[in-house]
Amino acid sequence: MSGQSEHVTKDELWGGNRSPFSVSYGKMMMWFFLVSDALTFSGLLTAYGVIRHGSSDLWPVGEQVFEALPGLHGSYPLMYVALMTFILIISSVTMVLAVEAGHRMDKKGVVKWLGYTIIGGFIFLGSQAWEWSHFIHGSGGGFQINQPMTVAAADDAGNTYQITLDNGSWVHMTSDFGHKYEHAMEAAKEPVSHDAHGGHGEHATAETHEDISTMVPEEIILNKYTLEHKDGKDLRKLVVKGDDAKKIWASMQTGSMTFGASIWANNEYAIQQQYANFFFFVTGFHGFHVFTGVLINLIVWLMAVKGVFEARGHYEMIEKIGLYWHFVDLVWVFVFTFFYLI
Amino acid sequence: MERDDLIVNESYALNAKHDEAAGKQIRKKLYAVTVLLTVITIIEVFMGVAFKRNGTFTWETIKLTFLVLTLVKAAYIVLIFMHLGDERKNLKYVVLLPYVIFIMYLIFIGLYEGVSVQEGHNIFG
């Protein structure tokens, strides 16, 4: 929208005294910054692709890892991240509407649409915080087994399979049992220390934990986050019950029990840590961009409210911060595809 | 040095203005793009949930479809929302050419390397 309809000769265009790109210095520099920033993100996402293709272990599947909604039980694959994507797209739309209002010198319109953009940015940041928190805490936890064995497992449709597990195979607990076991583990770690802390004593006795040594899961889940298919059959999320579940439980590898994700140690999503490492780094780096974007938007919104741009005679600043905000949305489009879909 | 955003005459920002009638046209286009982006996102999520990776519908085709849909979304954001489609041709090239040249090469060489590493794992354990 920057004077593209003017007709200038080549000599005039490149002869100095004007920008050959017909954009102001500030807008051009914003574009150049975004070019370099996009190269950074391209490098990160390509690195993710390299590690993922070079990984010898099964890689977690997006729609099996991210299937929770706040406050709800059950499986809602990709619904939460779809909502986050939608929020970011809508905040991009309100931003471009603020730019359009700026071109009409409509101060009220700019303040309104930029305000909605800021709200959308905050909602996205909050959603990402919840997503991280859920990812870190995990759902149920998992462990590795210390000997090969064959067990009977059933899928959702009720078909049963004989599955052979290798030594070191990764199996998962149901989220109900896993959370109970995690609490019991924590309670077993410090059985009397609660009483020493005065006020906590009452709390500790009121809460009864099961004896950790007698806890046995009724169900064990195979392939909870990864995929496995044989002969055209989908063998995701197979459930092992009864004696076979006890057999798996009894052969737990010492110290392999893991809950959620950590960048320091194993995580329940994959034996390989890289999955969580890349997830934290790339979505964190993107989240940092969203955070700075919201701050910049907030500053410019205050300037717009005060009438700085009205006095300046144009609202080009909205265009410049708009470029940055759309870029944040653009990066998320790629993060969404590579971390959640593919 | 003069601040370009304070220049009143010959300012590119001043050329970028339009009236209410033109604004109505632009907004119509923006809403159409919004609907398109939303629909593509819904299709992507539906595909991600619905298609199991069991070989009945080749997963590679789905993956390729995801990439194409992502690029379509990215193109609409860059060309319409960021107004790159309305800029001069030389600015378009300055912004887009680095990706066509360097990132395509980086992706090619990176994935080639990754696949080779995996083959190494398969052969040597």
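Tutor: Let's start with a rule: two strands count as paired if DSSP finds at least two bridges between them. Keep in mind that the model here is predicted.

Student: Okay, so why are β2(A) and β3(A) called paired?

Tutor: Strand β2 (residues 149-154) and strand β3 (residues 160-165) of chain A share six bridges. The rule asks for at least two, so they pair. The sense is antiparallel, and A153(A) stands opposite Y161(A) in β3(A).

Student: What makes something a nonpolar core, and which residues have the most contacts inside the largest one?

Tutor: A core is a set of buried residues of the listed nonpolar kinds, joined through C-beta atoms within 7 Å. The largest has 76 residues, and V81(A), A98(A), V110(A), L114(A) and I318(A) have the most contacts inside it. The largest share, 17 residues, comes from α12(A).

Student: Which residues does I318(A) touch?

Tutor: Leaving out residues up to four places away in sequence, I318(A) touches A98(A), V99(A), G102(A), V110(A), L114(A) and V300(A). Apart from that core lies another one of 16 residues, including F143(A) and W170(A).

Student: How many residues does each chain bring to the contact between A and B?

Tutor: Chain B brings 59 and chain A brings 57. On chain B's side, α4(B) gives the largest share, 15 residues. By class, that side has 26 nonpolar, 18 polar and 15 charged residues.

Student: Where are the two domains of chain A, and how far apart are their centres?

Tutor: Domain 1 covers 10-139 + 275-341, and domain 2 covers 142-189 + 211-257. Their centres, taken over C-alpha atoms, are 39 Å apart. Seven residues of domain 1 and six of domain 2 make the contact between them.

Student: What does the predictor say about its own confidence in the complex and in chain B?

Tutor: The complex gets an ipTM of 0.88 and a pTM of 0.86. Chain B averages a pLDDT of 85, with 86% of the residues scoring at least 70. Residues 5-9 of chain B fall below 50, though this stretch has eight contacts in the model beyond near neighbours in sequence. Where pLDDT is low, the predicted coordinates should not be read in detail.

Terms used
Residues are numbered from 1 along each chain as its sequence is written. Chains are lettered from A and ligands numbered from 1 in the order in which they are written. This is a predicted model: local features need pLDDT of at least 70, side-chain atom pairs count only at pLDDT 80 or more; totals for chains, interfaces and linings use all residues. Two residues are in contact if their C-beta atoms, placed from the backbone, lie within 7 Å. Helices (H or I, at least four residues) and strands (E, at least two) are DSSP runs, numbered from the N terminus. Ala, Val, Leu, Ile, Met, Phe, Trp, Tyr, Cys and Pro count as nonpolar, Asp, Glu, Lys and Arg as charged, and the others, Gly among them, as polar. pLDDT is the predictor's confidence in each residue, from 0 to 100. Domain bounds come from an automatic or database domain assignment. A residue is buried if 20 or more other C-beta atoms lie within 10 Å of its own, exposed if 12 or fewer, and partly exposed in between; C-beta atoms are placed from the backbone.
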